[in-house]
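Biologist: I am new to this structure and would like to go through it with you step by step. Could you show it to me before I start asking?

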Amino acid sequence: MPRSSSSTSASEALYDLATAARSVVVVGTAKHAGKTTAFNALRAIARRRGIVTAVTSIGRDGEPYDALDAEPKPRVRLAAGTLVALPSALVPRSPALALLERGEESALGTMMFARATIATTCEIAGPPTSRAMRATIDRLRALVDGPVLVDGAIDRVAPLAGGDDAIVVATGAASGATVERVAAAAAETVARLRLPGRDAAAERARVVRVDGALDARDAEELVAGERDVTVVVDDPTRIAVRGALFAALRAAVDLRCERPLRVVACTTSPVGRTGVLPARALVDAVARATGLPAFDVVADLRAPRDD
């Protein structure tokens with residue numbers, strides 16, 4: 001596979017783009033979409049440049065095998081000096097981590113802030129509530145000069161709403177059997193996560209504020225109703241509709257949120273359970289469909305291309 005035309009690798013370009021923010025959260029459009037691979041690629045660039053990072057997870061990551069389908073998962077290996085937030089139950093039984101302070105409670109025990117004294121492999125996880133996750137990210141930002149890198153979950157990004165965190169969306173053959181299907185799924189996910197913030201100057205004749213989740217019943221009523229309407233939800237995670245109904249809702253009303261998210265890039269993985277998609281075609285299609293820069297950190301490809 002040919003390298004990117006630039007002397008800067010795809011991983012380096014992704015790192016430079018994403019870490020303009022102090023914290024970067026990588027989420028996946030499906031299981032095995034390459035989320036942890038992208039997360040590890042960002043950490044590898046920081047390590048190569050001598051930058052100390054902090055890491056945590058919105059869900060649970062780094063285990064050898066997936067808890068649901070027993071498929072192998074990429075491990076999370078911490079370089080010496082890395083700061084980490086993880087629950088007490090996942091702290092390795094070794095002197096590899098020096099505990100610094102305690103944080104919020106989680107199902108796996110008290111969140112612990114620690115520094116790796118030697119290189120080590122461990123599982124990481126975060127607290128269960130949005131408030132506690134936000135507090136954990138903010139505390140890591142205060143403890144480290146480099147970026148905070150978070151292995152995220154696409155259905156648990158509410159803690160990031162209204163913040164300055166950068167979100168990277170990982171997608172790939174796990175989301176569809178063809179390049180076109182993967183690109184379409186990525187485009188819908190990105191459109192939902194990039195719901196624009198409220199703009200009083202652009203609001204239509206009537207403004208409808210939806211408290212809580214905007215579900216299928218709400219969406220169907222809005223699609224069937226008047227067109228000169230701005231619909232406002234609290235944040236993009238409150239949109240509970242997908243597919244054709246989401247597309248119809250966006251076409252029918254001016255859909256906005258009070259607290260937007262910052263999605264800055266996509267990564268692609270052409271490898272799926274049923275086969276391998278063409279890597280170059282996939283990264284190009286995802287960039288076109290989403291309107292965002294796209295990167296394959298394994299094949300060292302990016303789109304738009306520099307040439």
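Biologist: Which element supplies the largest share of the lining of the largest pocket?

Modeller: This is a predicted model, and its largest pocket has a volume of about 820 Å³. Among the elements that each supply at least two residues of the lining are β3 (60-61) and β16 (271-272). The largest share, 3 residues, comes from α2.

Biologist: Of the residues that line the largest pocket, which are the closest to its centre?

Modeller: The lining of this pocket divides into 9 nonpolar, 10 polar and 11 charged residues. Of the 30 residues in that lining, the closest to the centre are Ala 30, Lys 31, His 32, Asp 66 and Lys 73.

Biologist: How do the axes of α1 and α2 lie, roughly parallel or roughly perpendicular?

Modeller: Two packed helices are described by the angle between their axes and by the distance between those axes. For α1 (residues 10-18) and α2, the axes come within 9 Å and cross at roughly 90°. Because angles of 65 to 115 degrees count as such, α1 is, relative to α2, roughly perpendicular.

Biologist: Which residues in α2 does α1 meet?

Modeller: By class, the contact of α1 with α2 has 6 nonpolar, 1 polar and 1 charged residues. From α1 come Ser 11, Glu 12, Leu 14 and Tyr 15, and these meet, in α2, Ala 41, Leu 42, Ile 45 and Ala 46.

Biologist: Over which residues is the pLDDT below 50?

Modeller: The chain has a mean pLDDT of 92, with 97% of its residues reaching 70 or more. The stretch where the value is below 50, which has 12 contacts in the model beyond near neighbours in sequence, is residues 1-5.

Methods: Residues are numbered from 1 along each chain as its sequence is written. This is a predicted model: local features need pLDDT of at least 70, side-chain atom pairs count only at pLDDT 80 or more; totals for chains, interfaces and linings use all residues. Side-chain values use heavy atoms; hydrogens and water are left out. pLDDT is the predictor's confidence in each residue, from 0 to 100. Contact means heavy atoms within 4.5 Å. On a 1 Å grid over the protein atoms alone, a cavity is a set of points where a 1.4 Å probe fits but cannot get out, and a pocket is an open set with protein on both sides within 12 Å along at least five of seven lines; lining residues have an atom within 4 Å of a point. Grid points are joined across faces, edges and corners, and a volume is the space filled by probe spheres set on the points. Helices (H or I, at least four residues) and strands (E, at least two) are DSSP runs, numbered from the N terminus. Ala, Val, Leu, Ile, Met, Phe, Trp, Tyr, Cys and Pro count as nonpolar, Asp, Glu, Lys and Arg as charged, and the others, Gly among them, as polar. Axes are lines fitted to C-alpha atoms, for helices over the stretch in contact, and angles run from 0 to 180 degrees between N-to-C directions. Angles under 35 degrees count as roughly parallel, over 145 as roughly antiparallel, 65 to 115 as roughly perpendicular and the rest as oblique.
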